[in-house]
Amino acid sequence: MKHVVKILSILVTISAIWVGLLQTSIVPRSHTWLLPIYFVVSLGCYGLLMVGVGLMQFPTCPQEALLLQQIHQLCD
């Protein structure tokens, strides 16, 4: 439940910043309407980066490897 509240609070914060930028006209209106698209694209890039880092740091488990070899030998 805490995770859902955290995600919702982040979304509300981002929405508030976006609406604030729309109302204050600090950023040109044509760019401000693209901010949600930029956010989704950057979130996707972050997700791909985390998957890549996870694959590069894939933990080796020698004990589990031995266990799998033993099970494989028993099945043969």
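Reader: Thanks! How many disulfides does a search of the whole structure find?

Author: A search of the whole structure turns up 0 disulfides. Do keep in mind that this is a predicted model.

Reader: Okay, and C75, is that buried or exposed?

Author: C75 has a relative accessible area of 63%, and exposed means over 50%, so C75 counts as exposed.

Reader: And what about C45, how does that one count?

Author: C45 is partly exposed, because its relative accessibility is 47%, which falls between the 20% and 50% cut-offs.

Reader: Got it. Stepping back, how many helices and strands does the protein have?

Author: There are 4 helices and 0 strands. Going along the sequence, the pattern reads α-α-α-α.

Reader: What share of the residues count as buried, then?

Author: Of the 76 residues, 3% count as buried.

Reader: Let's talk pockets. What volume does the largest pocket have?

Author: The largest pocket has a volume of about 160 Å³.

Reader: Which residues line it?

Author: The lining is made of L11, I14, S15, I17, W18, L21, L35, P36 and F39. Two elements give two or more residues to that lining: α1, residues 2-24, and α3, residues 35-56.

Reader: Which element gives the most?

Author: That's α1, with 6 residues in the lining of the largest pocket.

Reader: And by class, what is the lining like?

Author: The lining of the largest pocket has 8 nonpolar residues and 1 polar residue, with no charged ones.

Reader: I also spotted G20. Where does it lie?

Author: G20 lies in helix α1. With a relative accessibility of 28%, G20 counts as partly exposed, since that value sits between 20% and 50%.

Reader: How far apart are G20 and L35?

Author: In sequence, G20 and L35 are 15 residues apart; in space, they are 12 Å apart, C-alpha to C-alpha.

Reader: Which elements have the lowest and highest mean pLDDT?

Author: Helix α2, residues 29-32, has the lowest mean pLDDT at 70, while α3 has the highest at 84.

Key:
Residues numbered from 1 in each chain as written. Predicted model: local features only at pLDDT ≥ 70, side-chain atom pairs only at ≥ 80, totals over all residues. Heavy atoms only, no water. 1 Å grid on protein atoms, 1.4 Å probe; cavity = no way out; pocket = protein on both sides within 12 Å on 5 of 7 lines; lining within 4 Å. Points joined across faces, edges and corners; volume = space filled by probe spheres on them. Nonpolar A, V, L, I, M, F, W, Y, C, P; charged D, E, K, R; others polar. Disulfide = S-S within 2.5 Å. Buried < 20%, exposed > 50% of the residue type's maximum accessible area, 1.4 Å probe, protein only. pLDDT = per-residue confidence, 0-100.
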